[in-house]
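This report describes one protein model for a reader who is new to structures. Please look through the sequence and the 3D view before reading on.

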Amino acid sequence: MITLELTAQEFNLLRNTIRARQIYKPCQHTLARGIWQPWMAPLLEKLCQAEAQHSQQRR
């Protein structure tokens with residue numbers, strides 16, 4: 001496991017990039033297949049969980 005600290009801007013960039021790529025998930029076109037990778041789904045879930053935990057800690 002790798003742990004690192006991100007600034008809010010870095011976190012938002014990573015999360016939003018993965019979210020944007022998610023729209024290509026159902027695409028079968030050859031060029032679109034490489035944009036969304038199956039490993040990105042668990043990453044996006046981890047990012048959303050981290051965001052929720054961070055929001056709860058700030059309250």
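A salt bridge is defined here as a side-chain nitrogen of Lys or Arg within 4 Å of a carboxyl oxygen of Asp or Glu. By this rule the count comes to one salt bridge. The model is a predicted one, in which local features need pLDDT of at least 70 and side-chain atom pairs count only at pLDDT 80 or more, while totals for chains, interfaces and linings use all residues. Residues are numbered from 1 along each chain as its sequence is written, and side-chain values use heavy atoms, with hydrogens and water left out.

**The salt bridge**

The partners are R15 and E51, whose closest N and O atoms are 2.5 Å apart. This pair links distant parts of the chain, since R15 belongs to helix 1 and E51 to helix 3, 36 residues apart. Helices are DSSP runs of H or I with at least four residues, numbered from the N terminus. How far a residue is covered is given by its relative accessible area, where buried means under 20%, exposed means over 50%, and partly exposed lies in between (1.4 Å probe, protein chains only). R15 is buried, because its relative accessible area is 7%, whereas E51 is partly exposed, because its value is 29%.

L4 is exposed, because its relative accessible area is 58%, while L6, at 39%, counts as partly exposed. Together with I2 and L14, the residues L4 and L6 make a nonpolar surface patch of about 410 Å². For such a patch, residues must have over 30% relative accessible area and no salt bridge, and nonpolar side chains (Val, Leu, Ile, Met, Phe, Trp, Tyr) are joined within 5 Å. The areas come from the Shrake-Rupley method with a 1.4 Å probe.

**The largest pocket**

A pocket is an open set of points on a 1 Å grid, where a 1.4 Å probe fits, with protein on both sides within 12 Å along at least five of seven lines, and lining residues have an atom within 4 Å of a point. The largest pocket has a volume of about 830 Å³, and of the 22 residues that line this pocket, the closest to its centre are L4, L6, F11, L47 and A50. Helix 1 and helix 3 (40-58) are the elements that give two or more residues to the lining, and the largest share, 11 residues, comes from helix 3. By type, the lining divides into 10 nonpolar, eight polar and four charged residues.

**Buried residues and distances in space**

M40 lies in helix 3 and is buried, because its relative accessibility is 3%. A32, placed in helix 2 (residues 30-33), is also buried, because its relative accessibility is 9%. The table sets separation along the chain beside the distance between C-alpha atoms.

| Pair | Separation along the chain | C-alpha distance |
|---|---|---|
| M40 and R19 | 21 residues | 9.2 Å |
| L4 and Y24 | 20 residues | 28 Å |
| A32 and E5 | 27 residues | 31 Å |

How values were computed. Points joined across faces, edges and corners; volume = space filled by probe spheres on them. Nonpolar A, V, L, I, M, F, W, Y, C, P; charged D, E, K, R; others polar. Patch = residues over 30% accessible without salt bridge, like charges linked within 9 Å, V, L, I, M, F, W, Y side chains within 5 Å.
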